[in-house]
Amino acid sequence: MEKKNTFMQTKPIFSLLVSMSVPMMLSMLIQSLYNIVDSIYVSRLGTDALTAVSLAYPLQNTIVSVAVGIGVGISSAISIYLGSGNQENANRAATIGVALTVVHCILFVLAGIFITRPFLMLFTDDPVILRDACDYTYIVLCLSFGCLLQITMEKIFQGIGEMKITMLLLASGCIINIILDPILIFGLLGFPELGVAGAAIATVIGQIAAFLLYIVVYLRRPFAIQIHPKYLRFDRTIIGQIYGVGIPSSIMMALPSVLISILNHILGGFSEIYVAVLGVYYKLQTFIYMPANGIVQGMRPIIGYNYGAGEHKRVKTTIRYSLLCAAGLMLLGTLLALLIPARIFSLFNAEQELLDAGVIALRIICLGFLVSSIGIIYSGTFEALGMGRHSLIISLLRQFLVTIPLSFLLSFGLGPVGVWISFPAGEIAAAVVAFFLLRHYQGGVYSPL
């Protein structure tokens, strides 16, 4: 029997948003801590090992981008169909989503076999680094089914409002990974010393374990959707709905990697110090934007469900509360960056030259934090409404279409300061466009401002 999740249509919006968002914030915090711990273990093998794993990042990030993007598309479809009372299509969206993910698994196996070595050879000719990078990448790509299926199940559970389950199972996978990392990398407890390959094996085991735990949980209790072969049939509308949100979302996930690469090239022309500043900033901004992204993940199923149910007022109220919460978090980040930037950068044992450059950068970039709340929340809103194209436009303005050309132009007269100015400029442009897009969507019925 299927469990009904009408609480998304009846529970008070603010308490519902908090109950949905906080588990997602904790999940993302756990994921961030895992990434840091993983890097620490690999760094003990030496600089070459850390470089090898870094070279694998673009391909590894592609897996996550595809998985999260398609997962968001599946989640959006499920929420809308459940809200409209179309249980059949909700079940079909979940089942077709899992089937599409299986196809993606096969494609990544082929990519791992045929693309890994040629791709890595573009970035290094050092035989040791190339060997380690290939060992790591072959494993994480060819066994990426754990990552892909785990994230698909995570987004399906988020689509029906089961946030605590996703938090616990994501944490379980990360903890398994953290435990296995030193054992397999350094050969503890009688295991062979596998080095970089051990880090890759620990990663895929953690992902596969999390996926299997999702299966166990799904089979042991009723949920608001059913995943069953009887719902597996070609449905152009549902597939289009999934990819219509999923492809733009995947592109958005990949944008930061492209942005950092281009900005590193611009900043490197002045000094390696500014490249280091950008690297430190992106580590810091994870903790600034992570809670806001947790709000987005919490609000998406609420908006999707109530949109499907025709509850326009609840959709608007959800967007308004999400904006206020995100703005509060961003205001706090702005104040910290303006008042104690030197203390923040000193956490990274910054030398005086890096510290001086970092203080200037942080004080300029943080001017865009507060206004970025609109771009972040509205982008997530359009994903929930099934309008992936609008969401992509906002994200492109935030991280690509304004920031890159403006960085290039302003750097001629202002140097690195011109690059830092482009960040708040991009956020302002995205916020203005986001406001007008939602204002004109269906006559502005969902515009909270």
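Start by selecting Y281 and F423: both are buried, meaning under 20% relative accessible area with a 1.4 Å probe and protein chains only, while over 50% is exposed and anything in between is partly exposed. You're in a predicted model, where local features need pLDDT of at least 70, side-chain atom pairs count only at pLDDT 80 or more, and totals for chains, interfaces and linings use all residues. Residues are numbered from 1 along each chain as its sequence is written, and side-chain values use heavy atoms, with hydrogens and water left out.

Now show the rings. Rings of Phe, Tyr and Trp (its six-membered ring) pair if their centres lie within 6.5 Å; planes under 30 degrees apart are stacked, over 60 edge-to-face, and the rest tilted. That rule gives eleven aromatic pairs. Y281 and F423 make one that is edge-to-face, with 5.8 Å centre to centre and 75° between the planes. The pair links distant parts of the chain, since Y281 sits in helix α11 (residues 272–308) and F423 in helix α18, 142 residues apart.

Next, colour by pLDDT, the predictor's confidence in each residue from 0 to 100. The chain averages 86, and 96% of the residues score at least 70. Which elements have the lowest and the highest mean pLDDT? Helix α1 (residues 7–10) is lowest at 76, and helix α18 (residues 416–440) is highest at 93.

Follow the chain past α18 to Y446, in the segment after that helix. Y446 counts as buried because its relative accessibility is 0%.

Switch to a surface view and select L331, L332, L335, L336, L338, L339, I340, L367 and L370: they form a nonpolar patch with about 800 Å² of accessible area together. (Such a patch joins nonpolar side chains, Val, Leu, Ile, Met, Phe, Trp or Tyr, within 5 Å, from residues with over 30% relative accessible area and no salt bridge; a salt bridge is a side-chain nitrogen of Lys or Arg within 4 Å of a carboxyl oxygen of Asp or Glu. Areas come from the Shrake-Rupley method with a 1.4 Å probe.) Helix α12 (residues 312–339) gives the largest share, six residues. L367 lies in the loop between α14 (352–365) and α15 (369–384), and counts as exposed because its relative accessibility is 56%.

Finally, zoom out: the chain has 18 helices and zero strands, both taken from DSSP runs (H or I, at least four residues, for helices; E, at least two, for strands) numbered from the N terminus.

Methods
Patches are made of residues with over 30% relative accessible area and no salt bridge: like charges are joined within 9 Å, nonpolar side chains (Val, Leu, Ile, Met, Phe, Trp, Tyr) within 5 Å.
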